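Morning, everyone. Please have a look at the next slide, and then I'll walk you through it.

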Amino acid sequence: MKVPFNKPYMVGKETEYIQQAVASLKISGDGIFTKKCHEFFEQKYAFKKCLLTTSCTDALEMAALLLDIQVGDEVIMPSYTFVSTANAFVLRGAKIVFADSQAQHPNIDAEQIEVLITPRTKAICVVHYAGIACDMDRIMEIAQKYNLYVVEDAAQAIDALYKGKPLGSFGHLAAFSFHETKNIISGEGGMLVVNDEKLIKQAEIIREKGTNRSAFFRGEVDKYNWVALGSSFLPSDIIAAFLFAQLESLERIQAKRKYIWEQYAQGLQDLPKNKGIGLPTVPAYSSNNVHLFYLVCKDLAQRDALILYCKEREINLVFHYLSLHKSPFYSSKYEGGKLPNTDRFSDCLVRLPLFYEMTDQQIAYVIETINQF
Ligand SMILES: *Cc1c(COP(=O)(O)O)cnc(C)c1O
């Protein structure tokens with residue numbers, strides 16, 4: 001039985017909505033479906049301002065522009081993350097200061113942030129890995145004490161909560177992804193959430209090539225002009241039409257993913273005892289948005305062996321991330337200390353297949369195969 005790592009799921013209405021967008025003859029950015037998506041997020045999660053972008057990467061790049069990151073400014077973030085988290089700030093000339101992960105979870109260890117703060121620190125960018133919340137009370141407390149901005153890389157954190165409050169609503173800014181590997185997809189796609197009222201106007205300007213075009217369309221100015229540094233970050237309404245179809249089915253998609261996640265958690269519960277392989281942990285302050293199910297092997301050799309064992313049985317397991325502080329691009333620029341928890345997750349973490357259309361047979365086969373390993 002073949003089990004791919006991921007299979008993008010279409011809810012069925014995507015092409016119908018795309019046809020509606022096309023028929024409306026307004027297929028550039030900020031058309032009807034973009035507005036519907038913005039409203040969906042602003043109403044459901046009480047985000048102050050939502051702006052669809054072409055990717056989460058773009059939303060993070062917008063964030064770096066919005067915070068006016070300058071050459072030499074320092075941004076604190078985990079090393080165990082996707083490259084875009086760091087790239088966005090490096091593009092503006094920032095120095096990245098990497099903090100270690102928690103021992104129990106790949107998320108940034110909030111207790112290791114304060115010692116990394118210097119007079120040049122401008123922002124903390126946290127990543128809610130696997131949709132599990134970072135310790136936001138502690139992180140916001142540190143940010144307030146030192147007057148720092150907080151950006152949430154919420155790429156994996158749709159429909160996730162910290163102490164009952166939606167992730168993406170804590171930081172001054174937050175970035176979501178709708179890449180086809182995430183829970184809710186539009187192929188490529190993302191969203192910037194602006195929670196700091198003072199940044200909303202500027203966010204609209206940056207997203208519209210540095211012009212005050214949005215204000216012009218609202219009739220607030222009588223002509224639009226080049227008023228700031230910006231770029232083109234807004235997606236076509238065709239993308240938004242696809243996304244809106246997915247958002248309408250959010251609860252159904254989440255319920256099925258939760259079912260698969262719980263089958264795994266139950267079926268694999270003896271792995272720690274039998275093989276020394278760790279299961280995912282969810283702190284009491286976090287919900288579980290079931291973005292991914294991962295295992296933490298004892299070491300690199302065991303992980304390689306497990307991936308190979310499953311591959312020979314047509315199950316595709318995938319590992320990530322290679323620590324950014326050790327990457328070919330950044331290692332020579334990195335001046336910080338060792339990050340042992342980051343290195344451990346980088347060597348030992350492996351993700352299991354988890355997608356909407358997984359059959360009960362596939363789920364059972366993955367569990368059985370891993371237990372036999
Ligand atoms: C997927 C992901 C991104 C990038 O999202 P895109 O929409 O593909 O640009 C950034 N950060 C994290 C943590 C991610 O998982």
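Is C297 buried or exposed? C297 is buried, at a relative accessible area of 4%. Buried means under 20% relative accessible area, exposed means over 50%, and partly exposed is in between, using a 1.4 Å probe and protein chains only.

A word on the source. This is a predicted model, where local features need pLDDT of at least 70, side-chain atom pairs count only at pLDDT 80 or more, and totals for chains, interfaces and linings use all residues. Residues are numbered from 1 along each chain as its sequence is written, and side-chain values use heavy atoms, with hydrogens and water left out.

Back to the cysteines. A disulfide here is a pair of cysteine sulfur atoms within 2.5 Å. The count is 0. C310 is in no disulfide either, and its nearest cysteine sulfur, that of C297, is 9.4 Å away. C310 is also buried, with 0% relative accessibility.

Now the ligand. There are 14 residues around the ligand, counting any with a heavy atom within 4 Å. T57, D153, Q156, S177 and K182 come nearest.

A polar side-chain atom of S177 sits 2.7 Å from a ligand oxygen. For C56, a polar backbone atom is 2.9 Å from a ligand oxygen. In Y321, a side-chain N or O atom is 3.4 Å from an oxygen of the ligand. On its own, the ligand has 390 Å² of accessible area, and the protein covers 93% of that. Those areas come from the Shrake-Rupley method with a 1.4 Å probe.

Last, the domains. An automatic or database assignment gives domain 1 (14-248) and domain 2 (250-372). Their centres, taken over C-alpha atoms, are 26 Å apart. Domain 1 puts 44 residues into the contact and domain 2 puts in 35, with contact meaning heavy atoms within 4.5 Å.

Key:
A polar contact is a pair of N or O atoms within 3.5 Å; within protein, one must be able to donate a hydrogen and the other to accept it, and residues adjacent in sequence count only if both atoms are side-chain atoms.
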